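Keep the structure in view as you read.

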Amino acid sequence: MMRQFLIFLATSTALVMSGCDSSQTAVDKATDKGILIMGNTSEPKGLDPHIVSGVLENNVIRALFEGLVVEHPSKDGVALPGMAEKWYPKDPQKPDEWIFELRKDAQWSDGTPITADDFIFSFRRILTPALASDYSFMLYYIKDAEPYHKSQRTYLLCRDIAPFKDNWDMVKGVDLGPNGEAEPDFNKKGIDHLKIEELIELQKDPSLFEWPENISERIRTLIVDKNLEFSQSDKSLWELINFGASAEGPHTLKVILNSPIPFLPEITKHYTWFPVPRHVLEKYGKEKVWERIPEWTYPENIVSNGAFILNSWKFNEHIEVKRNPKYWDANNVGINGIRYLPISNLYTEDRMYYDGQMHLTYSLAPELIQYSRERYPNEVRNELYLGTYFIRTNVTREPFTDPKVRIAFSKAMDQEALIENVLKGGQKPAGGLVPPFGEYEASNSVGFDPEGARKLLAEAGFPGGEGLPDIEFLTTDKETAKAMAEALQAMWKQNLGANVKIKQMEWTSYITTMFEKKYDLAAGGWIGDYLDPLTFLDMWMKDGGNNRTGWHSPKFEVLLKKAADTGDPQARYRTLEEAETLLLSERPILPLYWYTRNYLIHQDLKGWNPLILDNHPYKFLKLERQQKSKSEK
Amino acid sequence: MIRFIINRLLQGLLVLFALYTITFFLAKAMPGEPFTTEKNISEEAKAYQRALYGLDKSMLEQYLRYPINIVTEGSFAVSTSKGRPVRDIIAQSFPNSLILGLSALGIAICIGVPLGVISAMRKNSWVDWGSMSIAMIGICVPAFTVGPLLQIYIAAHLPGLKVAGWGSPIDIILPALTLGLTTAAYLARLTRGGMLEILSQDFIRTARAKGVPSNKLITRHALRGGLLPAIAFIGPSFAALISGSFIVETIFQVPGMGQHFVNAVIARDEFLLLGVALFFGFLIVIMNLAADILTGILDPRVRLDSNQK
């Protein structure tokens, strides 16, 4: 037995020595080959731009696919030509109709030309309800996209006929869409979703549906008749809408929006707006293109239009992309490929970086920031990221029904102490909800003010915290979440005399509890989808699915509507600033800090500049060997 | 013998079905659903997704459908969190876990068994205390401590060894060592116990009295019986080793099976969870059976076939 062990030892040592070439690390070799090795936290859920919704999927998809415009490598909010050569609003004063002139030499990686029809097909696909995309709402700006995606059949059928025209509000209160809590059964399904047989039944006996009283018999009959007539025809909802996007020719794409959006090119940078190859999807069946077909994104099948194509995908090991020779700008692509490593353990990732195994980490563990700064002073980056960490208050529960209590809790949080002592990631204390960028003026109305906090709490009827009920603070089960919750708990106790209990829950349970509003205070945050304050503000509308605080304000919504109707970017920003000020004056959420990203970057990698959305366009990157000896190893 | 095996396999099937039932209902009892994300998804989209995965069917139908599909189509359904068939996920990650587990077991046996034998032979000497203390430490120190220590103090200084990653044969060494050390420690203690019991028996004393040399005494007479407790332990622990370890896999970036157990629960991916749980259960059943057969071969006192009684 001992002998076998010795043989094993000898073999492994020999193996180690044979594989050793101490002068070159994996990164050195990769640099020579022009391959970027980067951390990407985890295995993607898929590579279909219309199905996924995560940052790590975005990192790979951005290499494989290209939208109408691409990010500038160093300037936030600047668009460079992508699939479109030129783009402009028809009327610059009122940018609600845009023209994108597509480049004529654009083609898929299999050589098939890309036309405006590919975009129309892709927009329709992501909006098709059966595809069940998480992120379809990113296209709701396009005219009629939302009613189509939400299958608002009644609205589409009736909006142009006499009794409803200009008076659609009259049917408010009717269960048109599904309503899980409604009774009876027909209301639960919603009129929009009733099948032919059900509609016939309803036509015979309208009392099967619980109509609001203000809806007259005539209107009831009209709604049911229209729905039935449509269901019995062979038409699809798609034929019923006046979809805002259309092909004005093979290389001209016209997009009509619901309201003026001066920053539309910014939105089209999002992968939900990317085209997918219809001709490839159709191989799985003409009708199947509207459903989920994961197979088309497998390495042997995928066809894409970006600077890179998928080379190999080893589950949980790596994803590798290589140059796309058919890419329109192939000659200017600076690197030969990218290897993404799905490293979920951030300490492992950082150790792999120190070991010379990768050019770029996804993150840097807070405990290792100091160590890294000492050992690798030029390789540590700390950059502002378009995200805000905040605490939701449940305004439907005592004591947070009172804005004074909410503001008191906000003012009692010592943001800087928390960042300095607990988070240690160089985050910025949040002055408001929207992080600072571009010409939008970030708010500075939030801050630490224990005196003011105590005063407000006393005004609300709880002097020195007396009479305050026990408060539950919901947070996730991560170690950092716990440390942060404990620090805040201590601050609220010390500055307000409040007794806050921490409730840690595992991720899905935490989200579910928050959705159900079974909390007093809940940790939360938001990462911007595109570079505009709206991505942080529109979620606080009454029906905003991500609101979850119970707060709403008609005045706030009027301001957002006003901003939406404003074509002038500057005036629009001012209105949005006003809306944010209003939100903060009522403080349904307590902003804590603005996110930063900490990561390690190898000196061989050139052209990786700070970008607030962190969507780096890979084609501008370059890899050049740095003439420096690595002291490690 | 054959009857014994068939009997045990049928029992195993029952065990697997019980395992399936428990896992299925526990998975259903978890709060939230696979489509819960931080961003709000419309009810319509969720309903479509539920229908896509058959999660809109009645509980009974879902409960029956999964095992029926396994038998009729060999399908373990599609993972809701990874969007690909569970069978493919297991097929891709199990070979890695198998290689790692086998290496870990090799290390465990090569270290644990000799250590146990030597301890037993030199009972109550410093060799015994020393090796048993090391074994105790091996049992007590968890992989999430051993792993990073190996990374920092060995991999980072030894050229050729990587701190983490998977691809070349060398990459197996550190994770296998981390995974194998605990098993080695258990094996050492079990082997020592087994050997001590055997060494105190009459037939050993007789052999010794007849002048059988010490080496031969151990290898020929004592080892066979002394290893029985260790073998009974190796069966199921082998199954555990080759089905992966979440901690070792995440520390060393090994694309194995262990992480699916944890990630499936976090993502409420009941199909992946059922798939890996059943696969693990299957391995346990088979390995237990193998351990029993091996015990029967090594120990003539254990009769596998009841007819021979």
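**Helices, interface and strands**

Leu115(B), Ile118(B) and Ser119(B) in α4(B) meet Val127(B), Asp128(B), Ser131(B), Met132(B) and Ala135(B) in α5(B). The model is predicted.

Q: At roughly what angle do the axes of α4(B) and α5(B) cross?
A: Helix α4 of chain B spans residues 86-121, and helix α5 of chain B spans residues 126-140. Their axes come within 8 Å. The crossing is left-handed. The angle is roughly 145 degrees.

Q: How many residues of the contact of α4(B) with α5(B) are charged?
A: The contact includes Leu115(B) from α4(B) and Met132(B) from α5(B). Its residues divide into five nonpolar and two polar, and the charged count is one.

Q: Which helix gives the largest share of the side of chain B that touches chain A?
A: The contact takes 49 residues from chain B and 49 residues from chain A. On the chain B side, α2, α4, α6 and α11 each supply at least two residues. The largest share is seven residues, and it comes from α4(B).

Q: How many charged residues has the side of chain B that touches chain A?
A: Sort that side by class. There are 24 nonpolar and 17 polar residues. The charged residues number eight.

Q: How many residues of β11(A) are buried?
A: Strand β11 of chain A covers residues 380-393 and has 14 residues. The strand is mostly covered. The buried residues number ten.

Q: Which residue of β15(A) stands opposite Arg392(A)?
A: β11(A) runs antiparallel to β15(A), and seven bridges join them. Opposite Arg392(A) stands Ala522(A).

Q: Which residue in β16(A) is the bridge partner of Leu384(A)?
A: Ten bridges join β11(A) to β16(A), and the two run antiparallel. The partner of Leu384(A) is Thr596(A).

Key. Residues are numbered from 1 along each chain as its sequence is written. Chains are lettered from A and ligands numbered from 1 in the order in which they are written. This is a predicted model: local features need pLDDT of at least 70, side-chain atom pairs count only at pLDDT 80 or more; totals for chains, interfaces and linings use all residues. Axes are lines fitted to C-alpha atoms, for helices over the stretch in contact, and angles run from 0 to 180 degrees between N-to-C directions. Helices (H or I, at least four residues) and strands (E, at least two) are DSSP runs, numbered from the N terminus. A crossing is left-handed if the near helix is turned anticlockwise from the far one by less than a right angle, and right-handed if clockwise. Two residues are in contact if their C-beta atoms, placed from the backbone, lie within 7 Å. Ala, Val, Leu, Ile, Met, Phe, Trp, Tyr, Cys and Pro count as nonpolar, Asp, Glu, Lys and Arg as charged, and the others, Gly among them, as polar. A residue is buried if 20 or more other C-beta atoms lie within 10 Å of its own, exposed if 12 or fewer, and partly exposed in between; C-beta atoms are placed from the backbone. Two strands pair if DSSP finds at least two bridges between them.
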